[in-house]
Amino acid sequence: MIKKKALACSVVLVAVLLTKLYSSSNVEKMPNGTNPVAWQFDKQQKTTAKIDSAERDPYWSDVTFAEEEVPLDDPAVKTKLNTYLKRFSYKKIQSYKMHRKANEYLPRIAKILASYGIPEDFKYIPVVESDLDPRTSSHKGAGGYWQFIPATARLYGLRVNGDVDDRMDLTKSTHAAAKYLKALHREFGDWTLVAAAYNVGGGSLKRSIRRQGTESYYDLVLNKETSSYVYKIISVKSVIEHPDRFGYRRLANADTEIASGPDMM
């Protein structure tokens, strides 16, 4: 009997403590005289409205790569894209150099790509690969605007020797890149996979697809660089095409010419 009474008292005590804890945590946040039930309902409505508003953001409904859908209904894809959008934002970069170079070089690149039937979004690859600096090189020997390795460069008609390096010629290297991209598309039939293959190589990507049993770039488990590659291209595209959204306030007017004056970093 005594044990039963002690147990009952313990239950009552715990209930009282939980009630006080719940009440204090909510009453502290509520204005005086507010009905707790109504306050909780209103809070929930506001939270839902914020979520709905975010989902209706026109940016997210307009994200594509090479006119192919980006599966932003997958939270992992959306989170990863957000990560790279932040990395290319003005808050992170603190410079207009990328936009100045884009204004100078991308129209020329786009025109050449279009002549081969390559989607315009591929013009952003040299921004990701070399920051549009032909002097950029990698430890694997890649060089130039499009970061060709010597063997691939020669395969697509570029001269790479001690006297001349066509990888550093924007026009010649872009023609070579367009031919390479077109060949990759004949192989994969999917522009997103073409971008991934440009980075990792067609043979390596084919092995990953065969081993994992999926042809979706967003579902494939790839090396760190390739698994982020398309996200970087999409992010650069977004930041260049919608500068104001990502903190580049001086470029709020999309039609504004990007000057290269002394105030540009």
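Predicted model: local features only at pLDDT ≥ 70, side-chain atom pairs only at ≥ 80, totals over all residues.
I took buried to mean under 20% relative accessible area.

**Entry 1: Tyr 156 and Tyr 180.** Tyr 156 comes out at a relative accessible area of 18%, so I put it down as buried. Tyr 180 goes in the buried column too, because its relative accessibility is 14%.

**Entry 2: counting pairs.** How many aromatic pairs does the structure hold? I got 14. One of them joins Trp 146 and Tyr 198: their centres are 6.1 Å apart and the planes make an angle of 70°, which I noted as edge-to-face. I then checked where the two sit. Trp 146 is in the loop between helix 7 (125–130) and helix 8 (150–155), while Tyr 198 belongs to helix 10 (residues 191–200), so this pair ties together parts 52 residues apart in sequence. Are these two buried or exposed? Both Trp 146 and Tyr 198 are buried.

**Entry 3: back to my two tyrosines.** Tyr 156 is in the loop between helix 8 and helix 9 (170–188), and Tyr 180 is in helix 9 itself, so here the parts tied together are 24 residues apart in sequence.

**Entry 4: putting it together.** Which residues form one aromatic cluster with Phe 148? I listed Trp 146, Tyr 156, Tyr 180 and Tyr 198. So both pairs I looked up belong to that cluster.

**Entry 5: a charge and a ring.** Last, I looked at Trp 60. The charged end of Lys 78 sits over its ring, 4.8 Å from the ring centre.

Key. Residues numbered from 1 in each chain as written. Heavy atoms only, no water. Phe/Tyr/Trp six-rings, centres within 6.5 Å; stacked < 30°, edge-to-face > 60°. Helix = DSSP H or I, 4+ residues; strand = E, 2+ residues; numbered from the N terminus. Buried < 20%, exposed > 50% of the residue type's maximum accessible area, 1.4 Å probe, protein only. Lys NZ or Arg CZ within 6 Å of the ring centre and 35° of its normal.
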